[in-house]
Amino acid sequence: MTQDADVPEHELFESNRKHLTALAYRMTGSLAEAEDIVQEAYLRWKRSGADTVRHPRAFLSKTVTRLCLDFLKSARKRRESYVGPWLPEPLVGSVAAPDSDAGELARDVSTALMLALERLTPLERAVFLLREVFDVDYQDVAGTVGRSEDACRQLVSRAKKNIAAARPRYQPSRDECERVVEAFGAAVITGDLTQLEATLADDAILYADGGGRVRSALRPIHGANRIARFFIGVTKKSPFSSDMQVLPRLVNGSPGFVIVDAGEVVQTMAFEVTEGRVRTIYAVRNPDKLARLSVLS
């Protein structure tokens, strides 16, 4: 996209906002941080003389990427002291899908992939996303991150090897996922331990992110029986009330639930299903990561 003198600056920027937010979310794992970074990119664009920028998207993408790299340098230190498992801020619905294909949302913002991205170095993460998710050519990738094209190719190759482990080999149908997740939810609500355990793979894992802000499991819980007993224990201590709603939703592109209590979102859950059973559960309870979902009811 080249600069069009007849198009107002704010309209040019707004036409790129979705793309920039998608990039920044994948870099940071936080929609709140992504939106702040995109706003800072806008201010820098204005200060640079927006009307003189020939290629707004390229300029803004470079600015957002570099701001994200700066953010990740400090974020790594904060996440080392994070209380319990860290999970990305959940996306409900089709927020921040890439411009190229909104249908790719489930594949490239799944919680598993976001966690795999978290294990990359910031530079690997940036180069991988620009090239593999947003289809930026290597010349522009190199200019964005200040590395040679050969170096960028090597970074992408290393990142792809790490990311490959996060891609599930088994791709269940949407109907199968929804059926399994619905059975899981029904078993939790009724308190049927045997039925709940039957919905879980033997080697299932539960990750719960409370961030030290609310009570939550401080370590991943492994195994169908332990996870089932955990959920049954939680519902016995805190039974579902008349003010509570369990809403089926896509969470980071995967079947899941948004749990609302007295009009406020108190938890999201995303599920990975393998061979007819739940393999992984990602539960976000940190209220700082749920604040933007509080309008759901």
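Predicted model: local features only at pLDDT ≥ 70, side-chain atom pairs only at ≥ 80, totals over all residues.
Burial was examined next. Ala224, Ile227, Ala228, Phe231, Ile232 and Thr235 are the buried residues of α11. Because these residues cover an arc of only 130° around the axis, they are placed on the same side of α11. An α-helix has 3.6 residues a turn, so residues three or four places apart point the same way. The exposed residues Arg226, Arg229, Lys236 and Lys237 are found on the other side of α11. The packing partners of the buried residues of α11 are α9, α10 (193–198), β1, β2, β5 and β6.

The sheet itself is open and has six strands in the order β2-β1-β6-β5-β4-β3, with mixed pairing. Its edges are formed by β2 (221–222) and β3 (244–251); each has a single partner strand, so one side of each is left without a neighbour in the sheet. Strand β3 runs antiparallel to β4 (residues 254–261), to which it is joined by eight bridges. Within this pair, Pro248 stands opposite Phe257 in β4.

A further helix, α9 (residues 174–190), also lies across strands of the sheet, namely β1 (200–209), β3, β4, β5 (264–274) and β6 (277–284). Helix α9 runs at about 125° to β5.

Technical notes
Residues numbered from 1 in each chain as written. Heavy atoms only, no water. Pairing = 2+ DSSP bridges. Helix = DSSP H or I, 4+ residues; strand = E, 2+ residues; numbered from the N terminus. Contact = heavy atoms within 4.5 Å. Axes fitted to C-alpha atoms, helices over the stretch in contact; angles between N-to-C directions. Buried < 20%, exposed > 50% of the residue type's maximum accessible area, 1.4 Å probe, protein only. Arc of directions from axis to C-beta.
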